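Please keep the sequence and the 3D view open while reading.

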Amino acid sequence: MSDGSDPYTPRRGEGLLESIFGKGGRAQYDDQVDIDTELTNKETFFLVGRAVGLLKPVKELFFAKFLLSTGMWVPGLLLPWIAKIIVDHVVGGKALDDVELRYPPFMDPILLSLQGLSPMQIMMVLSILYVGLLFFIGTRAGGTGAYLYEGSDAATQAENQISGGGSEAGGLWGLLEYWVNVRLTQRMVNFLRTDLFEGLTRLSLTTLQDQRIGDSMYRVLYDAPMVPEVVYQLTLRPLAILIAALIQIYLIEYTYGDISPELVWLAWSIFPIAIAITFPFSGLVRRTNQTKRAAGSSTTSSMEESMDSITAVQSLGGMEREKERFAERSEESFLRERYAIVVWAIVIALGGITLTSMLIFWGRGIAHDVIGGLLTPGDFFALIGILVAIFYAAGELGDTWIFVQEPAAALRRVFFFIDQERDEDAHGEEELGTLSEGVTFENLSYEYPDGSVALKEIDLELPTNSFVAIVGPTGAGKTSLAYMIPALLRPTSGRVLIDSLDVTRVDLDSLRRQVTYVFQEHLLLSESIRDNLGIANPDATESELLEALRTAGCMDFIASMPDGIDTVLGRSGETLSVGQQQRLSIARGLIRNSQILILDEPTAALDPVAENRLVEALTEISKDRLVIVIAHRLSTIRRANRIVFMDQGRVLEVGSHDALMRDNESQYRRYAMLQGVDSQAGR
C-alpha cells in the first residue's frame, strides 16, 4: 500500500472542510502533465465560450432544439388564466364580459368562444382544450427522456450523456424535441471525442511518457461527453426560460400593474436575488468536482496499470498489494463524490429555502388583496401560477452558473489536451521524396524536460544504401539519437537533415511515411496477424505480407496456427513467445517499405539461425534504403557497413567492424572484447 509519497495517490486523513474547500490549485490526482487545475471564474467563462463554439457544425440541430425548447413554454402561459376562468366563471358564476375581470390580449379568442355558454359547458370546453394540450405538450411534470439508471459518479453519468437528450415537455412535442436533442448531443460528443483522441495520439513523446493511459481514457470516455451539458446549460435552457419569464412579467405588469405595482417589482427583483444566493458557491462547486474527476481518473489509471502489467504482478505475488492500492483509490473516489453531493445539497437548500420563503410571503399578500376585494379569487390562482413560473425561472437562472461548474471541470480537462502542442506544430509543409543522400546530424544536442542530458554535440552522417549499427553501453543515448530521425524527439540544439532538408521544414506525416521504427518493446494489437501488419500498410498485397513474414522468420510458427495469418492474437500478442512477438514486429516494419528502417534491438530474442537469416535480409534491403540497427550483440553489429559507437551521449567512433578492431585505442574494440571477440582476428 502506498505510503503517500506517490503523487498519484490521494492524501488521506484530511478533514471534511479541508477536503471540500481545497488548499490550492494543484490537484492531488492528476498526471504530471496536468497539475495546475485551479480555475477562476474568468477562465471558466473563457472555456465555456469555447464550448459554445462547438455548436457551429451542428447549428441546424441547435436551432431546431432552441425553437422546440422555447415553444414548449408558450402553451404554459395559458394555464394560469384557464385556472382563473374556472374559479371566477365556472365556480364563481361571474359573466365572461365583466369589465372588472382582467385578461391578457391572447386570451380574447378563448373568451369569445366561451361567450353564452353555461358554467358546465365552459368546463367541458376547457377540459377538451386541456386534454389536447396534454396530448401534444404533456404535463411538463416529468418531461421526456430516456436514461439508464445511474449513480452520482462521473463515469456512469457519462454513459447517459453520450446519447443524452430530453425535453421538459411530454407528448408528441416532447418526443420530437428528445429526438433532436439526442442527435445534437451525439454529434457534438463525437466531434469533441474525435478531436481529443487525435490530439492525444499526436502529443510529443516526452508528454506521452508523463501521461498515464488510464487518465487519457477517462478524459475521452467520461470527460468529453459532459461538454454538451455546458452548452445546453448556458444557451438553450437559460434563453428559453428567460424568454418565458419575461413574458410572464409583462403579463403581470399589463394586467395588474395599476392594481398591485409591488408585484411587478417582486417579479423583477427575484432574478438578482437568486443569482446573489448561488454565485458565491461557484468556486467551491468547481473545486469539489475537479477533485472528484481527478480521483476518478486516478482509479482508472490504477486499474489500467495493474492489468497492463498483470504478468509481472502475478509473478511477483503482488496481487494483494495491487488490490489494496486499487481499493484505496476507489474509496477515495467515492469519498470525493460524497463531498460534491454535500456541496450541492447546501446550495440547493439555500436557494430553495430563500425562494420558497419569498413565494409564501407574497402569496399571503395576494390573499390579503383577495379578501379585501381588490382581486378576485381567480386572480389569486392566476397570480400564484405566474409567480411560481417566475420563481422557477429565477431559480433555474440563478443555478445556471452553479450547474456549469461540474461539467466545467470536465471541460478544462478536455481542452487541456486539445490545446497541448502537437508534434506537427513544429514542422513545415514540405514533402519528403525518395531518399538520395541520407541522414545528417549537425551539432545536435538533446536534454530531457527533467534536465538530464541525453545527447551532446553530435555531428554524424548516415548515407543511404547502407546498413548502420549504433552501438554502445546502456544509457549511451543510442535510442534518443534514433528517435531524432522520425522526430519522436526534437533537438534542444542543432539540426537533423534528411537529404539536406531540415526535418522541421518537412510535413510530419510525410516524414514518418518515409521512416519506419521497430521498437524494442513488442507493440502488438489484440487482432489477427494480418491486421497487425495491415496497420503499417493497409494496401499491402497477400504476397507482400507473406514475403515480409518470411523475411522476419515468422512462417515457421504461423504455419502451425489454425488460421494462419488470420489467427487472432491475445492481449498485446501475449499468446506468442517473446521471440515470435519480436519477429512479427519486424515483419510489420518491413511491410511499410519505407526509405529509412530503424530497428531497436531486433535480434535480442532471436536464436542464432533466425538472427543470421534476419541480418542477411537486412543487408539485402539496405542496398536501396538506409537501415539502422541499435544492437548489443556483436553477431548482428559486425555485419553492418558502418558502426557508430556511442557513450555518455556522444559519438566517439565511426567505422567498420574490422577497421575499429584494428585500432588498439578504439573504445569499440574494448567493448567488443568484453563479449569475447578475438582481438587478432577481429571476431
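Helix axes here are lines fitted to C-alpha atoms over the stretch in contact, and the angles between N-to-C directions run from 0 to 180 degrees. The model is predicted. Its protein chain has 27 helices and twelve strands.

**Whole chain**

- The protein chain comprises 683 residues, of which 52% count as buried.
- Among contacts in the protein chain with a separation of 6 or more, 76% come from residues 24 or more positions apart.

**Helix 3 against helix 8**

- Helix 3 spans residues 59-71 and helix 8 spans residues 171-201; their axes come within 9 Å and cross at roughly 150°.
- The crossing of helix 3 with helix 8 is left-handed.
- On the helix 3 side, the contact is made by L61, F62, A64, K65, L67, L68, S69 and G71.
- Helix 8 contributes W173, L176, E177, V180, N181, R183, L184 and R187 to this contact.
- By type, the contact residues are nine nonpolar, three polar and four charged.

**Nonpolar cores**

- The largest nonpolar core has 46 residues, and I529, L549, L584, L618 and Y668 touch the most other members.
- Helix 24 (residues 608-621) gives the most to this core, with five residues.
- Leaving aside residues up to four places away in sequence, L618 touches F467, L590, L597, L599, V627 and V629.
- A second, separate core holds 45 residues, including I366, A382, L387 and I390.

Key
Residues numbered from 1 in each chain as written. Predicted model: local features only at pLDDT ≥ 70, side-chain atom pairs only at ≥ 80, totals over all residues. Heavy atoms only, no water. Helix = DSSP H or I, 4+ residues; strand = E, 2+ residues; numbered from the N terminus. Left-handed = near helix turned anticlockwise from the far one by under 90°. Contact = heavy atoms within 4.5 Å. Nonpolar A, V, L, I, M, F, W, Y, C, P; charged D, E, K, R; others polar. Core = buried A, V, L, I, M, F, W, Y, C linked by side-chain atoms within 4.5 Å. Buried < 20%, exposed > 50% of the residue type's maximum accessible area, 1.4 Å probe, protein only.
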